[in-house]
Amino acid sequence: MRRSLPIVSTLIVLLAASYFLIPLYATFQFSLQMVRGQWSFEAYRSVFNSDVFAATVTFSTIASLAAILVGVLIVVPTAYWVRLRLPRWRPVVEFVSLMPLIIPPVVLVFGYVRLFGSTSYLPLTLSNAGTNTLLVAGYVVLSLPYMYRAVDNGMAAIDIKTLTEAAEILGASRFRTIAAVIFPNVRSAIVSGAFLSFSISFGEFVIASLLNRPAFGPYLVQIGQDRAYEPAALAIMSFALIWACMVLMQLFAARKPGGRILPRLIRPSARSVTP
Amino acid sequence: MSAEETLGPAPMRATSEGATRRLGLRLGGSWLGLVPFFAFALLFLFLPILYLATGAFQNAAGEFTLANFAELATPNLRAAYSLSVRLSLVSAALGTITGVLLGYAVILGGLPRWVRPVFMTFSGVASNFAGIPLAFAFIATLGRIGLLTMVLRDVFGFNLYGAGFNLFSFWGVALTYLYFQMPLMLLIVAPALDGLKTEWREAAEILGASRRQYWLRVALPILMPSILGCFLLLFANAFGTLATVYALTGSRFAVVPIVLYQQIQGNVLYNPNLGYALAVGMVVIMAVSNTIYLVLRTRAERWRT
């Protein structure tokens, strides 16, 4: 029964590995062929020299960081409060945090464009700042399931009740308890959620494009239509960025006793870790 | 957030000191701690969707109607839904089969220990490598002047496009989706494969079962709810994908998200309310497949005690 196994599984693993690696290798080699007859990093140089590239990368970085900040500010106190005082609300809050998984981004942004359009009570789409707010809000919603999971798992790994009581006995206010006691204890969980959130929002296309934002995603599509070799270079860079985000995320997630390896694993409805 | 900071402490202190045991006061204060979260969800999640949902049941004059949903059956939109569903089914099926095989090989296949973490880590990256860069990678590989296309032609004398393959067609898109579907499948089916107890296999062996019998009669029936559940998750995952297919084919490949994208840009359906119905139809399909996924997942966990 054991003998014949490794041949079959080796074959499967090799096939899968080649399916995964050939496109990466091909893309990399393709990106080096911009100058005819020799291999060069010309495509990368061309990308880095473009002002639009720098501008869109800056814009998307700021938007993604803003989304992480807002997400953390909303999720951390909520997850804390639910665990500490309102455990009966937990299924509701969890359900809401998973809702974005069934709302495709294109539907979400459709709702934004109409609800906050020029004739609404809150015409956010009319101003630049308003539209940027919508973009950030959209990114917060997209990463909410992962952020909530990561933070909630982080909270599961520490004894919130005892920590809170200790902080209160020592005279800390509620705000101080969250900021100085709870937050540092779930910091690695937050950071791991943040990296995933960043990799989701940074190259996001649909929301940014339909809100007409000068973000990295729409820039990618434009380059894809105009150029031949730069897209390959950008694909390699994107892959490297996602890789970095995921490695950092795993690193931080692994630091917590209760942290799972990958939030993707615990997408909807994984059994919750009880403290 | 601020509401919680300012309003949270008072009732909390009161109870911890045991001064007041009045439930009403306690609940009143605690409840406010969730206001920021629900306010955000209401404003940026529920109300926008609700707006679309109500609009889907109205005509241009704002009266109640089901006509928009009836109009989803017109040839254009039916074709879009049909294409979306077929593409999602095919890519989910490919992802499920290859993902389970890969999971079997990596987790139960008796390979060296380092293989599993390598594939798991890579899958974490690849399942997130969707969207435009993925399309670029496949164009550079299997496009008309893609590297693999060229190598096949120059080295092996095989004309891929002459043989009927086209990256910008149904099967090309499905093959591209597989790049994030297979790793996602590996990640979500791994716990189920880990849950297969060696005792079960040993028991089957002692009772004289062949390997084939063990898999067909014991392992697969136990795994089936998980596999079906993951299949539905993959289906939903493919159904909602827009950026990859847009970067590959522009708007020629009219799946539902693409039609909706165009509708938002320029009201191509000439009926805003029909657009809302199209969006609601998408959410319903996503919701149904995710709900069945959750149900099946709960069933699957029976075996994990």
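How far apart do the C-alpha centres of domain 1 of chain B and domain 2 of chain B lie? Hi everyone, let's start there: the two centres are 39 Å apart. The domain assignment puts domain 1 of chain B at residues 2-56 and domain 2 of chain B at residues 74-303. Where these two domains touch, five residues come from domain 1 of chain B and six residues from domain 2 of chain B. On the domain 1 side of that contact, we have four nonpolar residues, one polar and no charged.

Keep in mind, friends, that this is a predicted model, so let's talk about confidence. The model scores are ipTM 0.85 and pTM 0.85. For chain B, the mean pLDDT is 86, with 90% of its residues at 70 or more. There is one stretch to treat with care: residues 1-25 of chain B have a pLDDT below 50, although in the model this stretch makes 34 contacts beyond near neighbours in sequence. Where pLDDT is low, the predicted coordinates should not be read in detail.

Now, on to how the two chains meet. Chain A brings 75 residues to the contact, and chain B brings 73 residues. Which helix of chain A gives the largest share of the side that touches chain B? That would be helix α1 of chain A, residues 5-31, with 15 residues. And what is that side of chain A made of, by class? The count is 53 nonpolar, 14 polar and eight charged residues.

That's my tour, and I'm happy to chat about any of it.

Notes
Residues are numbered from 1 along each chain as its sequence is written. Chains are lettered from A and ligands numbered from 1 in the order in which they are written. This is a predicted model: local features need pLDDT of at least 70, side-chain atom pairs count only at pLDDT 80 or more; totals for chains, interfaces and linings use all residues. pLDDT is the predictor's confidence in each residue, from 0 to 100. Two residues are in contact if their C-beta atoms, placed from the backbone, lie within 7 Å. Helices (H or I, at least four residues) and strands (E, at least two) are DSSP runs, numbered from the N terminus. Ala, Val, Leu, Ile, Met, Phe, Trp, Tyr, Cys and Pro count as nonpolar, Asp, Glu, Lys and Arg as charged, and the others, Gly among them, as polar. Domain bounds come from an automatic or database domain assignment.
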